[in-house]
Amino acid sequence: MEFKVVFETKSVVETQELGEKLGSLLSKGDLVALKGDLGAGKTAFARGITRGVGSEDFVTSPTFTIINEYGGDVPVAHIDVYRLSDAGELEEIGFRDYLKEYVVIIEWADLVIDILPEEILWVELETIGEQERRIIFTAKGKKYEKILQEMKKS
Ligand SMILES: Nc1ncnc2c1ncn2[C@@H]1O[C@H](COP(=O)(O)OP(=O)(O)OP(=O)(O)O)[C@@H](O)[C@H]1O
Ligand SMILES: [Mg+2]
């Protein structure tokens with residue numbers, strides 16, 4: 001069962017706001033898989049999510065650190081798998097444990113698709129202009145379908 005919602009943003013601020021809206025609907029154990037080319041806006045969107053979940057921390061790219069953690073009532077684990085050599089490394093950094101207690105966001109999630117759970121929210125960012133992005137949400141599973149229904153209303 002798959003459920004899709006498509007948005008378009010006209011600035012980085014709009015992308016962050018969309019992320020924030022999503023973040024406000026997430027809870028512990030939720031998994032957001034981001035895909036999109038270099039500079040598409042994955043980190044900008046993740047920054048919005050983190051804010052929406054409730055963290056005031058400043059979100060930076062985990063490209064080199066692989067994982068950044070942010071505080072809040074529900075903690076956020078922001079992971080970038082671009083530099084991992086294989087999906088096994090994601091297991092090694094404790095991916096399964098994060099999934100129990102955190103909202104988990106993965107950039108370049110398509111690179112580790114083999115080990116991702118079936119229930120997941122995919123967010124694909126497409127560059128359609130210098131400042132324009134198409135953001136395609138695909139919910140896999142009832143939980144994420146409900147979240148997308150809420151996103152659609154706003
Ligand atoms: N509508 C938009 N949404 C998001 N970012 C935008 C938009 N318009 C312009 N930008 C710019 O695009 C860049 C997006 O950078 P960001 O680091 O979020 O991308 P990324 O997908 O995480 O890249 P990487 O693959 O390197 O991790 C920023 O410089 C941002 O200002
Ligand atoms: Mg990034």
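The structure is a predicted model, in which local features need pLDDT of at least 70, side-chain atom pairs count only at pLDDT 80 or more, and totals for chains, interfaces and linings use all residues. Residues are numbered from 1 along each chain as its sequence is written, chains are lettered from A and ligands numbered from 1 in the order in which they are written, and side-chain values use heavy atoms, with hydrogens and water left out.

The sheet is described first. Helices (H or I, at least four residues) and strands (E, at least two) are DSSP runs, numbered from the N terminus. Two strands pair if DSSP finds at least two bridges between them.

Strand 1 runs antiparallel to strand 7 (residues 133-140), and eight bridges join the two. Within this pairing, Thr9 stands opposite Arg133. In a regular strand, side chains alternate between the two faces of the sheet. In strand 1, Phe3, Val5, Phe7 and Thr9 form the covered face. Glu2, Lys4, Val6 and Glu8 form the uncovered face. Strand 2 and strand 5 run parallel and are joined by four bridges. Leu34 has Glu107 of strand 5 as its bridge partner.

Glu107 also takes part in the metal site. The magnesium ion (ligand 2) is coordinated by Glu107 (OE) and Thr43 (OG1), at 2.1 to 2.3 Å. Thr43 belongs to helix 2 (residues 42-53) and Glu107 to strand 5 (residues 103-107), so distant parts of the chain, 64 residues apart, are linked. Donors here are N, O and S atoms within 2.8 Å of the metal (3.2 Å for Na, K and Ca); water is not among the atoms, so sites may look incomplete. Both Thr43 and Glu107 are buried.

Salt bridges were searched for across the whole structure, and seven were found. The criterion is a side-chain nitrogen of Lys or Arg within 4 Å of a carboxyl oxygen of Asp or Glu. One of them pairs Glu101 with Lys28, with the closest N and O atoms 3.6 Å apart. Glu101 lies in helix 4 (residues 95-101), and Lys28 lies in the loop between helix 1 (12-24) and strand 2 (31-35). The pair therefore ties together parts that are 73 residues apart in sequence. Glu101 is partly exposed at 43% relative accessibility. Lys28 is partly exposed as well, at 49%.

Glu91 and Arg96 form another salt bridge, with a closest N and O separation of 3.0 Å. Glu91 has a relative accessible area of 32% and so is partly exposed. Arg96, at 35%, is also partly exposed. A further salt bridge joins Arg134 and Glu126 (3.2 Å, N to O). Arg134 is partly exposed at 27%, and Glu126 is partly exposed at 28%. Through shared partners, salt bridges join Glu8, Glu126 and Arg134 into one network.

Leu121 is found in strand 6 (residues 120-127). At 0% relative accessibility, Leu121 counts as buried. Contact means heavy atoms within 4.5 Å. Beyond neighbours within four places in sequence, the contacts of Leu121 are Leu22, Leu31, Val32, Ala33, Thr138, Ala139, Tyr144 and Leu148. Leu148 is 27 residues from Leu121 along the chain, and their C-alpha atoms are separated by 9.1 Å.

Asn68 sits in strand 3. With a relative accessible area of 12%, Asn68 is buried. The side chain of Asn68 makes a polar contact of 2.9 Å with that of Thr65. A polar contact is a pair of N or O atoms within 3.5 Å; within protein, one must be able to donate a hydrogen and the other to accept it, and residues adjacent in sequence count only if both atoms are side-chain atoms. A polar atom of the Asn68 side chain also lies 3.2 Å from the backbone oxygen of Thr60. Residues up to four places away in sequence aside, Asn68 touches Thr60, Ser61, Pro62, Val76, Ala77 and His78.

Technical notes:
Buried means under 20% relative accessible area, exposed over 50%, partly exposed in between (1.4 Å probe, protein chains only).
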